[in-house]
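User: I have a structure to go through. Please take me through it in short questions and answers.

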Protein chains: 2
Amino acid sequence: MPASKPLRPKATLVVRNATLATCDRGASDAGLIPGGAVAVDERRIVWVGRDRELDGAVEREGARVIDARGGLVTPGLVDSHTHLVFAGERAGEFALRCSGRSYLDTAISGGGISVTTRATQAASDAALLESAVARARRLLAQGVTTVEVKSGYGLTVETELRLLRIIHELAHTLWREVTIVPTFLAHAIPPERQEDREAYVAELCDRLLPIIAKEKLAASCDVFLEEGAFTAEEARLLLEAAAARGLVPRLHADQLVASRGAELAAQTGCASADHLEFIDDDGVAALAGGGVVAGLLPLSTLSLGSERYAPARRLLAAGVPISLASNLNPGSAMSENVGLVLSIACLKLRLAPAEALVAYTAGGARSLRRGDLGRLAPGCEADLVLWGCSSVEHLAWHMATNHALAVVKRGRVVHEALPGAAVDCR
Amino acid sequence: MPASKPLRPKATLVVRNATLATCDRGASDAGLIPGGAVAVDERRIVWVGRDRELDGAVEREGARVIDARGGLVTPGLVDSHTHLVFAGERAGEFALRCSGRSYLDTAISGGGISVTTRATQAASDAALLESAVARARRLLAQGVTTVEVKSGYGLTVETELRLLRIIHELAHTLWREVTIVPTFLAHAIPPERQEDREAYVAELCDRLLPIIAKEKLAASCDVFLEEGAFTAEEARLLLEAAAARGLVPRLHADQLVASRGAELAAQTGCASADHLEFIDDDGVAALAGGGVVAGLLPLSTLSLGSERYAPARRLLAAGVPISLASNLNPGSAMSENVGLVLSIACLKLRLAPAEALVAYTAGGARSLRRGDLGRLAPGCEADLVLWGCSSVEHLAWHMATNHALAVVKRGRVVHEALPGAAVDCR
């Protein structure tokens with residue numbers, strides 16, 4: 001009996017004649033397919049392969065066809081660490097820091113997070129939403145199709161709930177364009193609760209987290225473990241309470257001083273431990289053992305005027321999965337420039353451009369426990385970027401410049417290049 | 001006898017309700033005028049002052065009025081050091097450098113400038129012009145109204161003349177939008193002339209420079225004094241021959257190794273000595289004594305993966321005038337991101353945001369010996385930028401992001417904000 005011809009999947013959109021970087025072959029391999037094609041059925045990728053095999057593999061009558069003309073096509077970027085809902089500016093603090101003042105000194109002397117907390121509380125819901133939408137769309141215009149967004153500039157139960165509801169509204173506003181992944185961030189102990197820390201932490205655990213879980217206001221709970229923020233014991237209580245409520249735990253760890261944050265992240269089952277500028281070998285081993293994603297945020301190191309970057313090569317050598325993100329926030333990384341993140345990751349974290357791209361796609365998706373994002377593979381969401389260059393290296397080389405020609409979100413083109421975008425190939 | 005009322009200048013354009021940064025009060029003072037206004041008659045600035053004094057000072061019937069709504073208004077930026085006419089990419093070299101290879105090693109092993117020289121020679125005039133126009137317009141869209149453009153990827157008499165003619169065509173194409181200041185750059189000794197260096201230098205002096213001067217193909221002559229390029233003695237011959245032909249001499253000095261370039265620049269009457277990462281105290285004193293502008297190019301240091309930035313604070317303390325520029329080129333600074341130049345100048349050169357802005361406006365103009373550019377002052381060309389923020393610090397804080405809402409060149413609006421531009425004020 002002859003083998004019956006397998007049923008070919010149907011496509012609504014195909015991207016042809018592309019240099020594909022599938023980002024699905026591990027941390028150091030962009031998964032390049034020159035002369036590649038991707039087929040999409042509505043919102044899912046159904047086929048990825050060589051262009052010349054497309055017609056035999058896919059039923060594509062009536063499908064929209066995008067000719068990439070040799071250009072690079074990658075998964076939509078996954079920005080797995082941002083604080084993009086806030087009001088106010090911290091430009092004066094930036095200028096002071098350039099003249100030699102440290103970030104911790106600024107925070108301790110009443111600058112820092114509290115400036116943003118006050119400005120955010122004073123702003124209207126509409127103003128907070130509008131500025132967050134503008135920031136998310138600037139990321140989208142550069143190829144970002146998924147953005148994790150943290151609360152954390154409220155601090156009280158009521159003000160954190162307000163921010164999480166604004167993030168919910170942001171997700172609703174942008175649902176066709178960008179996937180918003182909401183995170184509750186326990187960011188700092190408010191000044192008026194410093195004498196009363198234990199009760200404050202209990203309030204977050206016993207009052208706030210149940211509401212967040214019940215109303216599904218966040219997918220994750222993140223804690224800022226740092227001098228001037230939460231202690232390791234407080235962070236553990238918060239992360240365990242969050243996990244018990246079904247929230248994915250994650251941690252800001254070892255950013256400004258060594259705090260054994262990596263070990264705590266591994267012990268509490270965190271999906272990610274982010275920053276890690278001061279992690280040591282024991283911490284690296286703990287992340288590797290726990291399968292915790294190391295979230296690398298090089299714009300913060302740059303913007304804090306430091307040269308102590310996270311030890312990305314040691315993390316990779318130990319087999320720790322890594323992600324790369326903007327850390328967009330008004331204090332330590334005020335930039336939506338995605339290309340700058342990639343270039344600084346290469347220059348300062350010593351990542352190869354392919355490693356940086358994988359970390360900013362599949363790595364970010366892993367950090368968010370969203371295996372359906374960040375890769376070009378059948379079954380994944382059809383989030384794609386067509387770039388105006390033909391290699392991954394080019395994205396990192398032509399620095400801080402927008403190369404995105406077209407961004408596809410769930411099978412629909414949601415952004416096309418602005419006049420002036422860099423088209424260096426073709 | 002009563003004093004007769006002074007004749008009020010007539011204006012064709014006024015910008016009102018602005019936070020002016022005039023950049024005409026020395027290196028460390030942005031010359032802020034809150035509640036300021038500028039009046040323009042055709043292509044020149046005729047009045048700068050407080051908005052409330054505008055009507056008494058200027059006859060403005062029929063003038064176009066731009067309401068800045070409190071936003072920052074500065075002179076158009078002067079990018080006084082670029083190599084923006086070239087073909088090809090050097091992305092692979094960037095990636096290799098990130099993995100630890102040095103720039104000099106790359107150049108010596110046959111990468112580096114020669115890669116660009118070959119690609120540039122292989123490209124058509126039309127392709128070179130088109131890519132240069134695109135790069136200049138990306139700068140313009142971020143507030144740059146004057147761009148110095150160097151030749152230097154030809155190396156032979158004929159190929160350098162070809163590039164200078166393309167730069168002339170670039171100036172012609174963009175004359176309404178951007179002032180192009182052309183420079184002949186003696187960039188390197190071609191490999192086939194290494195045994196014959198003396199004759200090669202004589203050829204540049206005796207054959208090429210006279211043609212350049214006669215046909216007015218360049219305003220300046222720049223020499224790359226560096227290991228692997230020209231020696232100090234060769235540079236001196238070239239600079240003296242150029243000055244004798246009426247070209248303004250300038251020098252690439254002390255970039256990768258200490259070469260006593262600053263002293264040579266002062267001795268030969270150079271308008272500027274650029275790079276200076278390895279300048280020492282004697283060099284600083286020489287620049288100060290000679291009134292030579294120190295051209296600071298921090299994106300090169302960043303992009304070369306180095307931490308040895310030019311000693312900007314020592315230069316300022318010694319009274320050396322400074323300029324700031326992109327150094328846009330495919331080898332060591334492939335970026336048109338003007339905001340990144342300002343932010344890295346603050347973070348790494350330790351300039352205050354006001355110092356960075358003055359260096360990127362009036363400082364650049366001084367480096368080009370164009371006192372009519374880079375300042376908001378009566379008599380200057382009416383090149384202005386209206387920004388989407390209200391302070392100079394904000395430009396540096398919100399990194400690598402385009403804040404330009406409108407760019408005025410010689411009294412005409414030649415660029416308006418793209419969708420997605422950052423509007424953080426108002």
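Analyst: Helices (H or I, at least four residues) and strands (E, at least two) are DSSP runs, numbered from the N terminus. This is a predicted model, in which local features need pLDDT of at least 70, side-chain atom pairs count only at pLDDT 80 or more, and totals for chains, interfaces and linings use all residues. Residues are numbered from 1 along each chain as its sequence is written, chains are lettered from A and ligands numbered from 1 in the order in which they are written, and side-chain values use heavy atoms, with hydrogens and water left out.

User: What average pLDDT does chain A have?
Analyst: pLDDT is the predictor's confidence in each residue, from 0 to 100. In chain A, 94% of the residues score at least 70. The model scores ipTM 0.95 and pTM 0.96. The average pLDDT of chain A is 94.

User: How many helices and strands does chain A have, and what is its radius of gyration?
Analyst: Chain A has 16 helices and 16 strands. The globule rule (2.2 Å times the number of residues to the power 0.38, with the radius taken over C-alpha atoms) gives 22 Å for 426 residues, so chain A is as compact as a globular protein of that length. Its radius of gyration is 22 Å.

User: What share of chain A counts as buried?
Analyst: Buried means under 20% relative accessible area, exposed over 50%, partly exposed in between (1.4 Å probe, protein chains only). Chain A has 426 residues. The buried share is 64%.

User: Which residues of H2(A) are buried?
Analyst: Helix H2 of chain A spans residues 91-98. Of its 8 residues, 6 are buried, so the helix is largely enclosed by the rest of the structure. The buried ones are Ala91(A), Glu93(A), Phe94(A), Ala95(A), Arg97(A) and Cys98(A).

User: Which residue just after H2(A) takes a positive phi?
Analyst: The helix ends at residue 98. Just after H2(A), a phi of about 120° is found at Gly100(A).

User: Is Leu72(B) buried or exposed?
Analyst: Leu72(B) lies in strand E5 (residues 72-75) of chain B. Its relative accessibility is 0%. Leu72(B) therefore counts as buried.

User: Which residues is Leu72(B) in contact with, leaving aside its neighbours within four places in sequence?
Analyst: Contact means heavy atoms within 4.5 Å. Two of the partners are Thr19(B) and Ala21(B).
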